[in-house]
Each structure stands twice: as structure tokens, then as C-alpha cells.
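Hi,

Here is the structure I promised to pass on. Have a look at it first, then read my notes below.

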Amino acid sequence: MAETKTVHSPLVTYASMLSLLTLCPPFVILLWYTMVHADGSILQTWDYLKQNGLQGFIEIWPRPTAIASKIIVCYGAFEAALQLLLPGKRVEGPISPSGNRPVYKANGMAAYFVTLTTYLGLWWFGIFNPTIVYDHLGEIFSALIFGSFVFCILLYIKGHLAPSSTDSGSSGNIIIDFYWGMELYPRIGKNFDIKVFTNCRFGMMSWAVLAVTYCIKQYELNGRVADSVLVNTILMLVYVTKFFWWEAGYWNTMDIAHDRAGFYICWGCLVWVPSIYTSPGMYLVNHPINLGTQLALFILVAGILCIYINYDCDRQRQEFRRTNGKCLVWGRAPSKIVASYTTTSGETKTSLLLTSGWWGLSRHFHYVPEISAAFFWTVPALFNHFLPYFYVLFLTILLLDRAKRDDDRCRSKYGKYWKLYCQKVPYRVIPGIY
Ligand code: NDP
């Protein structure tokens with residue numbers, strides 16, 4: 001199974017896999033506890049843990065209650081139903097390493113619209129108050145942590161017993177198989193794509209739902225919403241709207257086309273996205289900071305600009321590939337490399353590599369506006385505490401590692417053509433620096 005070849009040394013790979021498997025779950029709980037119950041102060045949580053030790057930690061870890069499980073099951077079932085039932089254009093994904101081409105129904109934007117209007121409608125008509133979600137957030141994260149572990153075990157078993165396509169297989173190592181996954185495109189039946197559910201309809205959708213929840217919670221607490229929360233919520237919603245607008249494009253990216261369905265991607269999207277990605281908003285609920293109109297507008301415009309540039313990078317690459325290079329890039333014919341490669345079945349194919357536009361600035365320039373946008377939706381929290389910036393730090397590490405993983409994968413796929421691209425575009429992420 002070529003995909004499980006490790007980029008780092010085996011020791012570093014095993015150590016990082018095992019530490020992520022064991023440290024991420026308690027981290028989610030500690031982050032929630034600090035944001036909601038310790039004023040966002042790492043020092044306060046640290047003092048509490050120093051005084052109360054392991055027993056104290058066990059006490060703050062909420063038990064997964066019935067109400068939390070009900071909220072998760074209703075939300076998950078609703079999203080699964082929308083994924084299956086809403087109409088959408090038939091879209092083909094990229095050809096997989098084994099030569100399969102997955103087919104999807106592009107109904108993400110419709111699902112996003114239905115989800116948010118239903119959620120706001122339930123609140124408006126007094127049927128369900130989103131503050132219940134905030135008030136049970138710790139229990140929800142706790143239930144998600146355990147439930148998603150079980151989900152990943154089921155994925156592992158399915159990968160062994162009933163894989164959906166030939167894009168699956170074992171590395172021969174149980175930890176790698178569980179962590180990186182067994183199947184590239186696991187499905188239930190012919191149509192229900194599990195990665196679309198975990199990554200898009202559960203994970204990314206929960207980001208928008210929780211952003212709205214935090215806003216409503218502050219409104220119900222204070223009778224108004226501070227401009228810091230407004231800027232944070234609007235930017236996160238613009239980002240998630242962009243995501244669903246471009247969802248079919250996401251199905252061509254590494255997450256879907258290269259990373260298999262295992263703990264790394266699935267647990268990450270089911271637990272890490274709702275908890276860590278939304279954490280700046282979680283902090284702001286209890287910190288109604290007032291920025292003033294000018295500063296708020298400046299941050300808002302800067303954030304929207306970054307989200308637009310990130311979108312345009314992805315759009316440019318996909319438009320270039322879709323038209324087979326017959327498009328304009330920044331008003332000119334694109335410069336490109338025609339790169340051939342051999343599939344796992346031994347066929348020779350070609351891909352085009354764009355070497356102008358955003359993709360001529362650096363090989364992963366799109367990560368720069370991605371990280372900057374995250375900074376702009378966090379900075380309304382100002383600088384009293386570090387923790388709201390954890391997501392920005394995490395994203396920077398994730399994307400720098402991803403740039404290296406992607407470079408290594410492309411080097412082994414395209415060989416001398418990738419070398420040529422590196423000569424033409426020498427920087428990996430930040431032009432002139434890295
Ligand atoms: P992409 O998959 O979109 O791009 C990398 C792939 O594009 C490569 O694997 C290669 O695939 C192809 N490629 C590389 N260079 C070129 C080129 N010059 N011309 C044409 N094709 C090229 O990257 P990501 O999945 O990392 O990112 C997609 C989006 O998701 C970005 O906006 C990113 O910021 C965002 N993202 C957000 C994260 C978050 O947690 N917030 C995490 C990760 C990504 P091939 O084999 O087809 O040649």
C-alpha cells in the first residue's frame with residue numbers, strides 16, 4: 001500500500017501517531033474547560049491541575065450524558081439524511097491510484113443552507129434553544145471523543161472485511177491501519193460516502209453551527225452581541241460558506257483523494273474540527289470585547305480578503321486542470337509543466353502542473369492566506385490570553401507538515417518533473433522565505 005509509506009523516520013512516525021492518539025482526546029477536554037470555566041487562562045487550569053492532580057482532571061472530564069448523545073445523534077442523522085436526499089449535480093472525483101473514479105452528488109451548499117435555516121428557525125420559533133448546545137458542550141465533546149473512536153474502529157473492521165473499492169488495503173501494521181485508515185473511499189451502499197459525511201457534513205457543518213451557537217449564547221447572556229464576536233462569527237461563516245460553495249473542489253484535494261479514512265482524518269473531522277477549530281468563538285462567549293467600528297471593520301475586511309485569496313488559489317488550480325491548461329491565469333496564458341507518471345496498475349498518465357499565478361509564487365502559497373484568515377478571526381480576542389491562538393498555531397504546524405508531505409508525495413509521483421517545478425518555483429510555502 002504505497003500511501004502508508006512514511007515521510008518521517010519510523011521512530012518519529014510511531015511516536016507522533018501514538019502521541020496524537022493518546023494526547024488529542026484529553027487536550028480537547030482541557031481546552032474546552034479552560035475556555036468555558038477558566039477564563040481562557042492556561043495558568044488557571046495549570047494551577048487547578050497542580051492542586052488536584054489526576055483526580056482533579058478526571059473530575060473536570062464531563063461524562064457523555066444522554067442529552068449530549070441525543071444532540072449528536074439528531075444532528076448526525078439530519079446531516080446524513082440531507083446528504084442522501086437533497087438533489088445535487090453528479091460530480092466525478094479525480095482518478096484514484098487504483099484507477100477508480102468516485103462519483104458524488106454535489107448538494108453541500110443546499111445542505112449548508114437547510115442546516116443553518118433549520119437551526120435558526122428552531123431557535124426563532126422557540127422549539128430548540130442553541131444555548132443548550134453551549135451549556136452541554138463538554139458532555140458533547142466527551143461523547144464525540146468516545147463515539148468517534150468507536151466509529152474509527154468500525155472503519156478499520158470494514159476496511160478489512162468489506163472494503164468498498166480496490167482503493168483499500170492493509171500496511172500490515174495495526175496502528176498504521178487504524179491511524180491512517182484502510183480505505184480511500186469507504187461507502188455505505190453505493191451512494192453514501194463516509195468521508196463526505198465525516199469531513200464535510202458533520203465536521204465542517206458543525207463549525208458553522210457552533211459559530212452561530214456561540215453568538216446566540218452571548219446574545220442570551222448579555223442581551224447584545226459584542227463586535228468582536230460578530231467579526232469572529234462572520235469570518236468563520238464566510239470561510240465555511242466558501243468551503244461548501246467549493247465542496248466539489250474539496251473532493252479533489254489531499255484529504256479526500258490521498259488520505260485514507262482513519263483516525264487522522266475521520267476522528268479529526270468529527271472531534272477536532274468542532275472543538276479546536278471553533279475555539280476562538282468559544283473563548284469570546286465569555287469575553288465580550290469591544291473593538292470599535294473602525295478596528296472591527298478593518299479586521300473583517302482583511303479576513304475576507306484572505307479567505308478570497310485562499311479560495312482563488314484553489315479555484316485557479318482546479319480551473320487550470322479542468323480546462324487542461326486552456327484558461328487565463330491572471331489575464332495571461334498559464335505557464336506549465338506537462339508531468340507524466342505511472343499509476344499503481346502500471347499505466348502511464350500525464351498531469352499538468354501550473355507554474356504561474358498563485359502557484360508560481362510558491363508551491364503551497366494557498367496555505368499563507370489560510371493561516372492569515374485564521375489569525376484575523378482570532379484577533380478580535382485581542383492578546384490577554386494565548387489559548388484562543390492555539391488554532392492558528394496548530395494550523396501553521398499542520399499546513400507546514402502537509403506541505404512537506406505533499407511535496408514528498410508529488411516528488412515520488414512525478415520524479416524529474418517535480419524537480420523541474422521545484423527549480424522554477426523554489427519556495428515551498430512563503431515566497432522568499434521558506
Ligand atoms: P490541494 O490538494 O488542493 O493541492 C495539492 C495537490 O495539487 C497536490 O497533491 C497535487 O496533486 C496538485 N498540485 C500540486 N502542485 C500543483 C500545481 N502547480 N499545479 C497543479 N496541481 C498541483 O491541497 P490541500 O488539500 O492541502 O488544500 C486544499 C484547501 O484546503 C486549501 O485551501 C487549504 O488551505 C485547505 N486546507 C485547510 C485545512 C484546515 O484544517 N483548515 C487543512 C488542509 C487544507 P496531483 O496528484 O493531482 O498532482
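To start you off: in which loop does Leu382 lie? Leu382 is in the loop between H16 and H17 (helices, H or I in DSSP and at least four residues long, and strands, E and at least two, are DSSP runs numbered from the N terminus).

A word on what you're looking at: this is a predicted model, so local features need pLDDT of at least 70 and side-chain atom pairs count only at pLDDT 80 or more, while totals for chains, interfaces and linings use all residues. Residues are numbered from 1 along each chain as its sequence is written, and side-chain values use heavy atoms, with hydrogens and water left out.

Phi of Leu382 is near 55 degrees, a positive value in a residue other than glycine. Leu382 has a relative accessible area of 32%, so it counts as partly exposed (buried is under 20%, exposed over 50%, partly exposed in between, with a 1.4 Å probe and protein chains only). Asn324 also has a positive phi, near 60 degrees. Asn324 sits in the loop between H14 and strand E5 (336-342), and at 48% relative accessibility Asn324 is partly exposed.

Now the ligand. It has 29 residues around it, and the closest are Tyr277, Asp314, Tyr367, Asp406 and Tyr414 (a residue is near if one of its heavy atoms lies within 4 Å). A polar side-chain atom of Arg409 is 2.7 Å from a ligand oxygen atom. On the backbone side, an N or O atom of Leu354 lies 2.8 Å from a nitrogen atom of the ligand, and one of Met254 lies 3.1 Å from an oxygen atom of the ligand. The protein covers 94% of the 920 Å² of accessible area that the ligand has on its own (Shrake-Rupley method, 1.4 Å probe). H17 (390-414) gives the most to this shell, with ten residues.

What kinds of residue make up the shell? There are 17 nonpolar, four polar and eight charged (Ala, Val, Leu, Ile, Met, Phe, Trp, Tyr, Cys and Pro count as nonpolar, Asp, Glu, Lys and Arg as charged, the others, Gly among them, as polar).

Last, have a look at helix H3 (66-85). H3 supplies seven residues, the largest share, to the lining of the second largest pocket (on a 1 Å grid over the protein atoms alone, a pocket is an open set of points where a 1.4 Å probe fits, with protein on both sides within 12 Å along at least five of seven lines; lining residues have an atom within 4 Å of a point). That lining divides into 18 nonpolar residues, three polar and one charged.

Cheers

Conventions. Polar contact = N/O pair within 3.5 Å; in protein donor to acceptor, adjacent residues only side chain to side chain.
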